[in-house]
Amino acid sequence: MANRMIRYLSAGESHGPQLTVIVEGFPSHLPVSKEKIDEQLRRRQLGYGRGRRMQIEADAVEITSGVRFGRTLGSPITMHIVNRDFKNWTEKMRVFGEPPENLKEVTRPRPGHADLAGAIKYDHEDIRNVLERASARNTATMVAAGALARQLLEHFGIQVTAHVVEIGGERVQQVPEDWDALVAAADASDVRAADPEAAERMRRKIDEAKEKGDTVGGVFEVIVRGCPIGLGSYVHPDRKLDGRLAGALMSVQAIKGVEIGLGFEAARRFGSQVHDAILHDGSRYLRPTNGAGGLEGGVTNGEPIVIRAAMKPISTLYNPLPSVDMRTKQPEPAAVERSDYCAVPAASVVGENVVAWVIAEAFLEKFSGDSLAQIEDQVRAYLARVRQR
Ligand SMILES: Cc1cc2nc3c(=O)[nH]c(=O)nc-3n(C[C@H](O)[C@H](O)[C@H](O)COP(=O)(O)O)c2cc1C
Ligand SMILES: C=C(O[C@@H]1CC(C(=O)O)=C[C@@H](OP(=O)(O)O)[C@H]1O)C(=O)O
């Protein structure tokens, strides 16, 4: 295991009273904005193709430890996110007491969800005991932790953004090259695609899925700029930042593929068409291209990190696939839960914040310190040294 300076633990069921995340290892004196965390949570709730649950929730954190007068103390930071929907589930989600008489157990596992494997693994008769925690509701905690990490990164000039590049096979053709224009265009679009024509085709694809009781997936791209050269390491597999980023993104519900830089396309080209030449302008190294996506040997090379993640279509189908009733073992259509039709735009916001977390982890491994000032000293000294190389 790499020596991680920061870590977090999350808890909470999708229809329980709240989600909780405890973040540990942040330096003291970092200014914290609750508004910035809430803004990321708000963005995660948006997107064309989301189901009715998002109209019930209004995600925001309550911070109950680790911050005083707007700055971190160096102690664990606890954040709570209330599940507004809990008020509709108080009986069905009781912590103690007997199940209500009218409780309808979920017994027909949905192909693609954690239902079947989870019910067998944890010996549950009622699949609700699985889906409550498997649910992507928990991505709100990933975003809260990432949004905190992001504030550390921003302090050191590192920025993260994401945009959707594909939904249901409809692809973006034109992406603004300018960073601010890309961020603005992605944020202004309800599918988070920066290309308005592609966005329209994506919306139609989501409508088509909805009409058919079906779902669609897609691909989003996360970009990090401002990372110093030298985060992560080649010296041991579990310290390689490419592997850690891919692992973190693959741990987000429904993410089934990750590629960095040219990714799978690199496998189809000659090396001369893949690798980025090394130039020097007299004061610093330059890379005319960025096929590596900002990572060589599992180490940041100073270029923007470019990483894409593929999300499978949502598993709950209103027109359900064949399944089996786990009580009777008889064929039955899979259970239907209230659901999203497409959550790629939301997943892109999750991806953005998950990536921010991993970069902050790597940043604090390289520039460790108990207070922000100690870290600033280290960063300054390192960057001065880099300029001499
Ligand atoms: C933002 C987001 C929203 C999701 N919404 C739903 C949903 O409404 N219904 C559903 O069946 N799956 C949804 N999923 C996907 C499931 O949570 C996921 O497929 C399931 O937990 C099984 O895990 P796996 O796909 O990683 O194998 C969503 C995923 C994300 C990232
Ligand atoms: C609650 C969220 O997403 C949920 C993820 C999800 C799933 O199965 O993963 C199923 C749905 O839950 P519900 O049945 O309560 O509508 C989504 O709404 C969220 O993103 O905050």
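**Note on the predicted model**

1. Thr 316 is found in the loop between E15 and E16, where strands (E, at least two residues) are DSSP runs numbered from the N terminus. Thr 316 is buried because 22 other C-beta atoms lie within 10 Å, the cut-off being 20 or more such atoms, with C-beta atoms placed from the backbone. Leaving aside neighbours within four places in sequence, Thr 316 is in contact (C-beta atoms within 7 Å) with Arg 110, His 113, Val 336, Glu 337 and Ser 339.

2. This is a predicted model, in which local features need pLDDT of at least 70, side-chain atom pairs count only at pLDDT 80 or more, and totals for chains, interfaces and linings use all residues. Residues are numbered from 1 along each chain as its sequence is written, while chains are lettered from A and ligands numbered from 1 in the order in which they are written. The mean pLDDT (the predictor's confidence in each residue, from 0 to 100) is 97 for the chain, and 99% of its residues reach 70 or more. The complex receives an ipTM of 0.98 and a pTM of 0.98.

3. Ser 315 also has its place in the loop between strand E15 (305–311) and strand E16 (322–324). With 22 C-beta neighbours inside 10 Å, Ser 315 counts as buried. Its contacts, apart from neighbours within four places in sequence, are Arg 110, Pro 111, Gly 112 and His 113.

4. The unreviewed UniProt entry lists a "binding site" that includes Ser 315, Thr 316 and Arg 338; such annotations may be inferred rather than shown by experiment. The listed residues are spread over 206 residues of sequence and up to 43.8 Å between C-alpha atoms.

Conventions. Helix = DSSP H or I, 4+ residues; strand = E, 2+ residues; numbered from the N terminus. Buried ≥ 20, exposed ≤ 12 C-beta atoms within 10 Å, placed from the backbone. Contact = placed C-beta atoms within 7 Å.
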